[in-house]
Each structure stands twice: as C-alpha cells, then as structure tokens.
Amino acid sequence: MQLRNNYFFVRPGQPALLVSSNFTNYLEIGNPTGPGFYLIAQVEDGEFVVSGRLFDSMGRRVCEIDRNHARTSEAVIEYLKPGGYEVRWRDGDLVFALQRSAENPHVGVLRGRFYNERGELVAEGDESDFRLYRGPAIVGKSNGTYGLVIEPARTTPLPS
C-alpha cells in the first residue's frame with residue numbers, strides 16, 4: 001500500500017512539510033524524550049521549525065538542533081534564500097538542510113541522511129521528497145490528535 005498526495009492537518013496552499021509524498025503540519029521521528037535520535041519538524045505561524053538530535057552512520061551524535069539553531073562545534077550553519085538553512089560539517093559535507101520547495105514556496109523540504117543511535121538509516125530527504133524508512137514516527141498533529149502513527153518494526157513474532 002502506498003499513501004501519496006494526502007494532506008495531514010493542512011490544506012492545499014497552506015504551509016506544509018513534504019513527508020513521504022504527503023503534506024503535513026508536523027513530523028516526529030524517534031523518541032524526543034530519550035537520549036537517542038529524534039527529529040521534529042513542524043509548521044508554526046507559517047514558518048518551518050525543526051528540532052532534533054542527529055547521529056551519523058557510525059551511531060555517533062553529530063548535532064543537536066533546537067528550534068532551527070544548530071548546537072555543535074564541528075558544523076556550521078548557512079542560511080539560504082528564500083528561506084531555510086543548511087548545517088554542514090566544516091569540510092563542507094551536508095548534515096541536514098531545511099528549505100522551501102523550488103516548485104512550491106509553501107512546501108518545506110528536509111534534506112539529508114538521518115541515522116539513529118545504532119547507525120541505522122531512519123530517513124533521507126532530497127529536493128523531491130523525504131522518505132521514512134523506520135519508526136517510530138508521527139505524521140500530522142493537531143490539538144493532541146495524530147494523523148498517521150508509524151510504530152517501530154517488531155523484533156519478536158506476534159502472539160498467535
């Protein structure tokens with residue numbers, strides 16, 4: 001089954017994040033209350049706001065983002081026009097980016113490769129889409145109501 005071109009708590013023409021070929025006001029991946037990986041991207045008052053704890057493919061913590069402000073001594077942040085920013089290692093390699101879509105300035109696009117604390121690829125994004133590979137994740141949120149909830153994969157069999 002594939003879900004595409006759906007709107008989770010947003011309407012066409014409103015600011016929205018592009019997530020797995022759908023449009024939403026909120027994305028949460030991982031566990032923001034634990035010590036490991038998490039990423040929260042949301043639309044607040046028409047602006048895109050991101051917070052997270054990011055890891056590399058070796059499971060090392062590389063960067064924390066607190067409401068669009070990167071906290072790391074190893075990376076630099078560069079603000080883009082017409083809005084958005086990139087976080088790059090000092091050698092120039094991309095850690096994470098948030099930008100407005102070239103086709104639709106109301107749509108926010110997340111770019112980068114996102115790994116959990118075990119070094120597993122959780123999600124990746126480029127100019128055309130943001131693809132989720134594993135949960136937990138929440139796509140869309142309004143007044144405590146969730147749009148789509150993705151649970152982590154089970155490692156034990158279901159009871160019969």
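Me: Which residues does Glu 151 touch, not counting residues up to four places away in sequence?

Reply: Happy to start here: this is a predicted model, in which local features need pLDDT of at least 70 and side-chain atom pairs count only at pLDDT 80 or more, while totals for chains, interfaces and linings use all residues. Residues are numbered from 1 along each chain as its sequence is written, and side-chain values use heavy atoms, with hydrogens and water left out. Glu 151 lies in the segment after strand S16 (145–150); strands (E, at least two residues) and helices (H or I, at least four) are DSSP runs, numbered from the N terminus. With contact meaning heavy atoms within 4.5 Å, and residues up to four places away in sequence set aside, Glu 151 touches Gly 135 and Pro 136.

Me: Is Glu 151 buried or exposed?

Reply: The cut-offs are these: buried is under 20% relative accessible area, exposed is over 50%, and partly exposed lies in between (1.4 Å probe, protein chains only). Glu 151 has a relative accessible area of 58%. Therefore Glu 151 counts as exposed.

Me: How far apart in space are Glu 151 and Gly 30, C-alpha to C-alpha?

Reply: In sequence, 121 residues separate Glu 151 from Gly 30. Gly 30 stands opposite Tyr 38 in S5. From C-alpha to C-alpha, the spacing of Glu 151 and Gly 30 is 9.9 Å.

Me: What is the omega of the peptide bond from Gly 135 to Pro 136?

Reply: Pro 136 sits in the loop between strand S14 (130–132) and S15. Gly 135 and Pro 136 are also the residues that Glu 151 touches, leaving aside those up to four places away in sequence. The bond from Gly 135 to Pro 136 is cis, with omega near 10°.

Me: Which residue in the turn between S15 and S16 has a positive phi?

Reply: Strand S15 (residues 137–142) pairs with S16 in the antiparallel sense over five bridges, where pairing needs at least two bridges found by DSSP. Within that pair, Ala 137 stands opposite Ile 150. Two residues lie between the strands of this hairpin, and the one with a positive phi, about 50°, is Asn 143.

Me: Why is strand S11 called largely enclosed?

Reply: S11 covers residues 94–100 and has seven residues. It is largely enclosed by the rest of the structure because the number of buried residues among the seven is five.

Me: In S11, what is the bridge partner of Glu 86?

Reply: Strand S10 (residues 84–89) runs antiparallel to S11, with five bridges between them. The two form a hairpin with four residues between them, and Gly 92 in the turn has a positive phi of about 105°. Across this pair, Glu 86 has as its partner Ala 97.

Me: In S12, what is the bridge partner of Gln 99?

Reply: S11 is also joined to strand S12 (residues 107–115), antiparallel, by four bridges. Six residues link the two strands in a hairpin. Here Gln 99 is bridged to Val 109.

Me: How many bridges pair S5 with strand S6?

Reply: S5 (residues 38–44) is joined to strand S4 (residues 26–30) by five antiparallel bridges. S5 also forms a hairpin with S6, with two residues between them, and Asp 45 in that turn has a positive phi of about 50°. S6 (residues 47–55) is antiparallel to S5, and the bridge count is seven.

Me: Is Asn 68 buried or exposed?

Reply: Asn 68 belongs to the loop between strand S7 (61–66) and strand S8 (69–71). Its phi is near 75°, a positive value in a residue other than glycine. With 17% relative accessibility, Asn 68 counts as buried.

Me: What is the phi of Phe 9?

Reply: Phe 9 is in the loop between strand S1 (7–8) and strand S2 (16–19). At 37% relative accessibility, this residue is partly exposed. Although Phe 9 is not a glycine, its phi is positive, at about 65°.

Me: What radius of gyration does the chain have?

Reply: The chain has zero helices and 16 strands. The radius is taken over C-alpha atoms, and the globule rule is 2.2 Å times the number of residues to the power 0.38. For 160 residues a compact globule would be near 15 Å, which agrees with the chain's own radius of gyration of 15 Å.
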